[in-house]
Amino acid sequence: MSEQTDQTPDNAVDETQATIDSVVASESSATNDAPAGAAAADTGSRVEQLENEGEIAADYLEELLDIADLDGDLDMDVEGDRAAVSIVGADLSQLVGRDGEVLEALQELTRLAVYRETGERSRLMLDISGHRADRRTKLEKLAEETVARVQESGERVSLEPMSPFERKVVHDAVAAAGLTSESEGVEPRRYVVVVPA
(Lines give C-alpha, C1' and ligand atoms only; values in the text may rest on other atoms or scores of the structure.)
Protein backbone atom coordinates (compact mmCIF):
# COMPACT_ATOMS: atom_id res chain seq x y z
CA MET A 1 0.00 0.00 0.00
CA SER A 2 2.79 2.38 0.79
CA GLU A 3 4.27 1.69 -2.67
CA GLN A 4 1.04 2.84 -4.33
CA THR A 5 0.85 5.94 -2.16
CA ASP A 6 4.46 6.82 -3.00
CA GLN A 7 3.93 6.07 -6.67
CA THR A 8 0.81 8.19 -7.15
CA PRO A 9 2.41 11.53 -6.17
CA ASP A 10 5.41 10.72 -8.39
CA ASN A 11 3.11 10.02 -11.33
CA ALA A 12 1.18 13.22 -10.63
CA VAL A 13 4.43 15.20 -10.45
CA ASP A 14 5.67 13.62 -13.69
CA GLU A 15 2.39 14.39 -15.47
CA THR A 16 2.34 17.95 -14.15
CA GLN A 17 5.96 18.50 -15.22
CA ALA A 18 5.19 17.06 -18.68
CA THR A 19 2.21 19.43 -19.00
CA ILE A 20 4.32 22.42 -17.91
CA ASP A 21 7.09 21.46 -20.37
CA SER A 22 4.53 21.13 -23.14
CA VAL A 23 2.97 24.54 -22.42
CA VAL A 24 6.37 26.25 -22.16
CA ALA A 25 7.50 24.65 -25.42
CA SER A 26 4.35 25.72 -27.29
CA GLU A 27 4.51 29.28 -25.90
CA SER A 28 8.20 29.55 -26.79
CA SER A 29 7.65 28.42 -30.34
CA ALA A 30 4.62 30.68 -30.72
CA THR A 31 6.46 33.74 -29.44
CA ASN A 32 9.87 33.18 -30.98
CA ASP A 33 8.86 31.17 -34.07
CA ALA A 34 11.75 28.92 -33.06
CA PRO A 35 11.96 25.62 -31.20
CA ALA A 36 12.09 25.75 -27.41
CA GLY A 37 15.62 26.12 -26.15
CA ALA A 38 16.90 27.63 -29.41
CA ALA A 39 19.68 30.09 -28.67
CA ALA A 40 18.93 32.08 -31.83
CA ALA A 41 16.21 34.14 -30.11
CA ASP A 42 18.87 36.10 -28.23
CA THR A 43 20.40 39.48 -28.88
CA GLY A 44 20.54 39.28 -32.68
CA SER A 45 16.84 38.62 -33.15
CA ARG A 46 15.95 41.26 -30.52
CA VAL A 47 17.89 43.91 -32.44
CA GLU A 48 16.20 42.80 -35.67
CA GLN A 49 12.81 43.05 -33.93
CA LEU A 50 13.61 46.60 -32.75
CA GLU A 51 14.84 47.57 -36.22
CA ASN A 52 11.57 46.23 -37.65
CA GLU A 53 9.62 48.34 -35.10
CA GLY A 54 11.61 51.38 -36.25
CA GLU A 55 10.80 50.71 -39.90
CA ILE A 56 7.08 50.27 -39.20
CA ALA A 57 7.09 53.49 -37.15
CA ALA A 58 8.98 55.38 -39.87
CA ASP A 59 6.47 54.27 -42.53
CA TYR A 60 3.57 55.37 -40.32
CA LEU A 61 5.17 58.75 -39.55
CA GLU A 62 6.07 59.31 -43.21
CA GLU A 63 2.39 58.88 -44.15
CA LEU A 64 1.43 61.24 -41.34
CA LEU A 65 3.87 63.91 -42.57
CA ASP A 66 2.48 63.53 -46.12
CA ILE A 67 -1.10 63.96 -44.89
CA ALA A 68 -0.13 67.04 -42.85
CA ASP A 69 1.93 68.35 -45.80
CA LEU A 70 5.04 68.73 -43.61
CA ASP A 71 8.64 68.20 -44.60
CA GLY A 72 10.79 66.10 -42.33
CA ASP A 73 13.62 63.60 -42.51
CA LEU A 74 13.35 60.38 -40.52
CA ASP A 75 16.23 58.80 -38.64
CA MET A 76 15.92 55.31 -37.11
CA ASP A 77 18.15 53.73 -34.47
CA VAL A 78 18.17 51.19 -31.67
CA GLU A 79 19.00 52.70 -28.28
CA GLY A 80 19.50 50.14 -25.55
CA ASP A 81 16.36 48.02 -25.43
CA ARG A 82 14.08 50.17 -27.56
CA ALA A 83 13.67 51.45 -31.10
CA ALA A 84 14.18 55.18 -31.58
CA VAL A 85 12.85 57.32 -34.40
CA SER A 86 13.65 61.00 -34.88
CA ILE A 87 11.98 63.49 -37.20
CA VAL A 88 14.08 66.49 -38.12
CA GLY A 89 12.97 69.35 -40.32
CA ALA A 90 12.74 73.08 -40.75
CA ASP A 91 9.82 73.91 -38.48
CA LEU A 92 8.07 71.03 -36.77
CA SER A 93 7.20 72.82 -33.54
CA GLN A 94 3.49 72.13 -34.12
CA LEU A 95 4.31 68.40 -33.87
CA VAL A 96 6.03 68.97 -30.51
CA GLY A 97 3.35 71.14 -28.94
CA ARG A 98 3.41 72.88 -25.58
CA ASP A 99 5.70 71.00 -23.20
CA GLY A 100 5.89 68.12 -25.68
CA GLU A 101 2.21 67.21 -25.36
CA VAL A 102 1.70 66.64 -29.10
CA LEU A 103 4.97 64.69 -29.27
CA GLU A 104 3.76 62.38 -26.46
CA ALA A 105 0.46 61.80 -28.29
CA LEU A 106 2.24 61.09 -31.59
CA GLN A 107 4.54 58.65 -29.82
CA GLU A 108 1.54 56.75 -28.43
CA LEU A 109 -0.14 56.66 -31.87
CA THR A 110 3.10 55.40 -33.41
CA ARG A 111 3.41 52.69 -30.75
CA LEU A 112 -0.17 51.64 -31.55
CA ALA A 113 0.69 51.45 -35.26
CA VAL A 114 3.64 49.19 -34.42
CA TYR A 115 1.43 47.05 -32.17
CA ARG A 116 -1.15 46.70 -34.94
CA GLU A 117 1.55 45.34 -37.28
CA THR A 118 3.54 43.16 -34.87
CA GLY A 119 1.08 42.20 -32.14
CA GLU A 120 3.81 43.15 -29.64
CA ARG A 121 3.71 46.12 -27.25
CA SER A 122 6.40 48.62 -28.26
CA ARG A 123 8.54 50.89 -26.09
CA LEU A 124 9.57 52.94 -29.12
CA MET A 125 10.89 56.44 -28.40
CA LEU A 126 9.98 59.29 -30.74
CA ASP A 127 11.84 62.58 -30.93
CA ILE A 128 10.97 65.58 -33.06
CA SER A 129 13.41 68.40 -33.87
CA GLY A 130 15.67 67.28 -31.00
CA HIS A 131 13.05 68.20 -28.36
CA ARG A 132 13.67 65.10 -26.22
CA ALA A 133 17.46 65.35 -26.54
CA ASP A 134 17.37 69.00 -25.37
CA ARG A 135 14.95 68.15 -22.58
CA ARG A 136 17.16 65.25 -21.45
CA THR A 137 20.15 67.60 -21.13
CA LYS A 138 18.14 70.11 -19.07
CA LEU A 139 16.71 67.39 -16.83
CA GLU A 140 20.13 65.88 -16.16
CA LYS A 141 21.34 69.34 -15.10
CA LEU A 142 18.25 69.77 -12.88
CA ALA A 143 18.91 66.35 -11.31
CA GLU A 144 22.55 67.30 -10.58
CA GLU A 145 21.46 70.54 -8.89
CA THR A 146 18.74 68.75 -6.90
CA VAL A 147 21.18 66.04 -5.74
CA ALA A 148 23.54 68.80 -4.51
CA ARG A 149 20.64 70.48 -2.61
CA VAL A 150 19.59 67.19 -1.00
CA GLN A 151 23.16 66.33 0.02
CA GLU A 152 23.63 69.79 1.51
CA SER A 153 20.32 69.98 3.39
CA GLY A 154 19.79 66.30 4.14
CA GLU A 155 16.10 66.75 3.31
CA ARG A 156 13.84 65.37 0.58
CA VAL A 157 13.25 67.60 -2.44
CA SER A 158 10.15 67.35 -4.66
CA LEU A 159 10.29 68.40 -8.31
CA GLU A 160 7.56 69.69 -10.62
CA PRO A 161 5.20 67.16 -12.29
CA MET A 162 6.78 65.43 -15.29
CA SER A 163 5.98 62.96 -18.05
CA PRO A 164 7.10 59.33 -17.68
CA PHE A 165 10.06 60.00 -20.03
CA GLU A 166 11.17 62.99 -17.98
CA ARG A 167 10.85 61.15 -14.67
CA LYS A 168 12.96 58.27 -15.99
CA VAL A 169 15.72 60.67 -17.05
CA VAL A 170 15.74 62.21 -13.56
CA HIS A 171 15.62 58.82 -11.79
CA ASP A 172 18.59 57.60 -13.86
CA ALA A 173 20.62 60.76 -13.19
CA VAL A 174 19.87 60.64 -9.44
CA ALA A 175 20.84 56.95 -9.26
CA ALA A 176 24.08 57.68 -11.13
CA ALA A 177 24.87 60.31 -8.44
CA GLY A 178 24.38 57.69 -5.71
CA LEU A 179 21.05 58.84 -4.27
CA THR A 180 17.57 57.39 -4.58
CA SER A 181 14.39 58.92 -5.93
CA GLU A 182 10.70 58.02 -5.99
CA SER A 183 7.73 58.94 -8.13
CA GLU A 184 4.71 60.22 -6.23
CA GLY A 185 1.31 61.58 -7.14
CA VAL A 186 -1.14 60.57 -9.86
CA GLU A 187 -0.85 61.11 -13.62
CA PRO A 188 -0.69 63.68 -15.12
CA ARG A 189 0.61 65.37 -11.94
CA ARG A 190 3.13 62.64 -11.04
CA TYR A 191 6.46 64.02 -9.82
CA VAL A 192 9.90 62.92 -8.63
CA VAL A 193 11.08 63.15 -5.02
CA VAL A 194 14.83 62.95 -4.42
CA VAL A 195 15.62 61.27 -1.08
CA PRO A 196 18.78 61.79 1.01
CA ALA A 197 21.14 58.80 1.40
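Me: What's the mean pLDDT of the chain?
Reply: The mean is 83, and 78% of the residues reach 70 or more. This is a predicted model.

Me: Where in the chain is confidence lowest, and where highest?
Reply: Helix α1, residues 2–32, is lowest with a mean of 40. Strand β6 is highest, at 97.

Me: And over which residues does pLDDT stay under 50?
Reply: Residues 1–40. For that stretch the model has seven contacts beyond four places in sequence.

Me: OK, the sheet. What's the strand order?
Reply: β4-β6-β5, three strands in an open sheet with antiparallel pairing. β4 (157–161) and β5 (180–184) are the edge strands, each pairing on one side only. On average, neighbouring strands are turned by 20 degrees against each other, direction ignored.

Me: How many bridges between β5 and β6?
Reply: Five, in the antiparallel sense, with β6 covering residues 191–195.

Me: Which residue in β6 does E182 stand opposite?
Reply: V193.

Me: Which strands does helix α5 lie across?
Reply: β4 and β6. Helix α5 spans residues 131–153 and runs at about 155 degrees to β4.

Me: What about R132, which ring does its charged end sit over?
Reply: The ring of F165, with the charged end 4.7 Å from the ring centre.

Methods:
Residues numbered from 1 in each chain as written. Predicted model: local features only at pLDDT ≥ 70, side-chain atom pairs only at ≥ 80, totals over all residues. Heavy atoms only, no water. Lys NZ or Arg CZ within 6 Å of the ring centre and 35° of its normal. Pairing = 2+ DSSP bridges. Helix = DSSP H or I, 4+ residues; strand = E, 2+ residues; numbered from the N terminus. Axes fitted to C-alpha atoms, helices over the stretch in contact; angles between N-to-C directions. Contact = heavy atoms within 4.5 Å. pLDDT = per-residue confidence, 0-100.
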